[in-house]
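Student: Please go through this model with me, one item at a time. State each cut-off when its term comes up.

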Amino acid sequence: MNDANPTASASTASMWEYAPAPERTPLEIDDRYGLFINGEFRSPNSRRWFESLNPATGEVLSKVANANQQDVDDAVSAARQALPSWSRLSGQERAKYLFRIARRIQERARELSVLETMDGGKPIKESRDIDIPLAARHFFYHAGWADKLQWAFAGATPRPVGVCGQIIPWNFPLLMAAWKIAPALACGNTCVLKPAETTSLTALRLAEIFQEAGLPPGVVNIVTGAGKTGQLLAAHEDIDKLAFTGSTEVGKKIAEVAAVGDRRLTLELGGKSPHIIFADAALDQAVEGVVNGIWFNQGHVCCAGSRLLVEESIQDEMIRRLKHRLGSLRVGDPLDKNTDIGAINNPEQLDKIKGYVEAGQAEGAVLHEVTTQSLPKKGLWFRPCFLTGVQPSHVIARDEIFGPVLAMMTFRTPEEAIKRANNSPYGLAAGVWTDKGARIFEMAKRLQAGVIWCNTYNQFDAASPFGGVKESGFGREGGRHGLRAYVRI
Amino acid sequence: MPQRVDVAKTWKLFIGGQFVRSESGQSFPIEHRRHGTTLNLCRGSRKDLRDAVEAAHSASEKWASASGYLRGQIIYRMAEMLESRRSEMSEALAAVGTSTPKKRLDEVDAAIDRLVGFAGWADKIEQILGGQNPVPGPYYNITVPEPSGVVGVLPPDRPALLASISMLAAPLCAGNTIVMLAPEGHPLPVALLAEIIATSDVPDGVINIMTGKREELMWHLADHREVDAVSAANLDDETLTELRQRAAESLKRVHHDSVTAAGWSKHESRCSPWNIEPFVEMKTMWHPSAC
């Protein structure tokens, strides 16, 4: 989308009509989904169910079981019982289950993509091209580790940790489940997974895939519910390892709860990642990097490049180009494969995003958004935007917004860019764009973050460790380094 | 009446490369187990601890970016200095009750060898713990370990010297700066260690050593936002839980080891990269590959 004449098409957005969405294929969704415990779906002891909505339409997709203490106990106990035989199974055999799961995800990719988009609100092109293929990739990659763990840790003999409690967020539901489950199983552990309240459906499909793959009962158990269910899992005394992905605020509480006993912990938390553009950068690519960095998945991305730091001399040019790109982003029906920005996942998040943009303007920042395109009548929507005139002290420059909202600031020297970038309690990711090779390495070295994207942004892979420093948490997911959390050595 | 009156040493805290008295103006006595005399050590306060953390934090960037070769040479220099003060350190171990001369010298020798071991790690850890990641697509993807930052070190009472050196050198060689609370029961060897460090070309603030009451210091260490990780060993369950709970507020990394007295002497297991790994953060860098 690198237009030779960037201003010409900005006003054409209103002329775009929505095409019928070919992805709107009939999808079987059960009226109710029980808990997945010991290899079977079962009604919750709580006898309580909650609705899972499509955020783009407000319609009820299904009802999902709300797990209580007894349910969590059952799931943990099933995982405990499955542990001895699963951890003793040879790595070669464990691997084959994981390979099977990867293959079934690929075979059911279409259905999983559509369901992911309906349940979570993300554009179909993202669930189709990123979430689902990457989930399969995670199982395939980690399958291969299962019989090679003795080579992964220099001089050490890795053993499984035990029963893993895993709590995941709503922004990448199936992908996060894969990130958590695949390495745990490869290393010989058993799991209890708690999906996010608003996005349980693809995790439950994954449970069907486990059944199809013949995964032994109890090796993975899935308990659905709200924050309360997550708390019960985090506090469960028979959990050996806890992994949480979510906000820093909740992560701190989890760390406190998990402090009791000999429990391992990894946390993948919030961020306010700096995205630094030097004047010598290849601007066409850099602008696309910024767009992808903040407006991917409605900005519901923990590593979103939400603090744009632009070298002062190119500020006006950057504003002009970003305004143009805003005009060409399509907001609307997530099932339309041309949609760039889908629905906001839940009403609380929408309120939070609105609140931040208002706060930003109240502090003196200037809002840039393109309003020519109308938004669908029903559903949860927020126009992508960026704000200028932002000071580092402003709340929109400090807090994680978790929405399609970019705060733009400037810098004059590399030193100032580093200072501003590191001036945050978070340290998840950072982006740098420059054509100077030596500067890339120096910036990458001095930026305080777990992932540094240089002349690119938001790249993910199963072989590449992901995770943060400072208050963005600890532990890595993916790659050889991601295995560390799932073994004792 | 003796012919000559001994000149007793005033023991101090070691903060920011300086030997300072405690701001508390207080000391606590320890008995020299062999001579039956009393020594007075500084009772470090919360304010002293903050100064130590501040010093460690200020020294952090430079130490982290020093080459592994340089860090290795400085840690090796610590070993040289300890070797030359072997008998003095042995005497300090006698003061805290380490029984026989042979045991004392064995511990000092093991501590020297431990330093030499970690000195060698300083320019190798990236190759063992880091690497290139085979991602699909036209990207160059590498992961390197970087130091966590400021590490608070809480060594156990025994073996006072060897455990302290092991727990100090592991994060140090990877580029972390240190605030160490000397073992409360047996602080003397570590108080003496500060003098060895002070003459080993260790930059000011890179290692800071406090004596005092654990109870008065360790919780402030756990709370302090500029402490990035805490290394502890052989804590009881209750203390460990409280340490983890307090560390949760700032998402500090807490590493705890349970090691037997004999375990500290096992060089191969105590000087492995997995003793260093808890104090590094993996940084992953992506770059497109294209012409």
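Tutor: On a 1 Å grid over the protein atoms alone, a cavity is a set of points where a 1.4 Å probe fits but cannot get out, and its lining residues have an atom within 4 Å of a point. This is a predicted model, in which local features need pLDDT of at least 70, side-chain atom pairs count only at pLDDT 80 or more, and totals for chains, interfaces and linings use all residues. Residues are numbered from 1 along each chain as its sequence is written, chains are lettered from A and ligands numbered from 1 in the order in which they are written, and side-chain values use heavy atoms without hydrogens or water.

Student: How much space lies in the largest cavity?

Tutor: There are ten cavities of 30 Å³ or more. Volume is the space filled by probe spheres set on grid points, which are joined across faces, edges and corners. For the largest cavity this gives about 110 Å³.

Student: Which element gives the largest share of its lining?

Tutor: The lining of the largest cavity includes B:Ser166, B:Met167, B:Ala170 and B:Pro171, along with B:His255, B:Asp257 and B:Trp264 among others. Elements are DSSP runs numbered from the N terminus, with helices (H or I) of at least four residues and strands (E) of at least two. Two or more lining residues come from each of α6 (160-173), β10 (229-233) and β11 (253-257) of chain B. The largest share, four residues, comes from α6(B).

Student: How many residues of that lining are charged?

Tutor: Asp, Glu, Lys and Arg count as charged; Ala, Val, Leu, Ile, Met, Phe, Trp, Tyr, Cys and Pro are nonpolar, and the others, Gly among them, polar. B:Asp257 and B:Arg270 are both in the lining. Beside six nonpolar and four polar residues, the number of charged ones is two.

Student: Which are the edge strands of the ten-strand sheet?

Tutor: Strands pair if DSSP finds at least two bridges between them. This open sheet has mixed pairing and the order β14(A)-β15(A)-β16(A)-β13(A)-β12(A)-β17(A)-β18(A)-β12(B)-β6(B)-β5(B). At the chain B end, two bridges join β5(B) to the antiparallel β6 (139-147), with B:Gly131 opposite B:Thr143. Pairing on one side only, the edge strands are β14 (366-369) of chain A and β5 (131-132) of chain B.

Student: Where is the cis peptide bond from B:Arg158 to B:Pro159?

Tutor: Omega of this bond is near -10°. B:Pro159 lies in the loop between β7 (150-154) and α6 of chain B.

Student: How many residues apart are A:Arg80 and A:Asp238?

Tutor: A salt bridge has a side-chain nitrogen of Lys or Arg within 4 Å of a carboxyl oxygen of Asp or Glu, and 50 are found over all chains. A:Arg80 and A:Asp238 form one at 3.0 Å, N to O. A:Arg80 is in helix α1 (69-88) and A:Asp238 in the loop between α7 (227-235) and β10 (241-245), all of chain A, so the pair links distant parts of the chain, at a separation in residues of 158.

Terms used
On a 1 Å grid over the protein atoms alone, a cavity is a set of points where a 1.4 Å probe fits but cannot get out, and a pocket is an open set with protein on both sides within 12 Å along at least five of seven lines; lining residues have an atom within 4 Å of a point.
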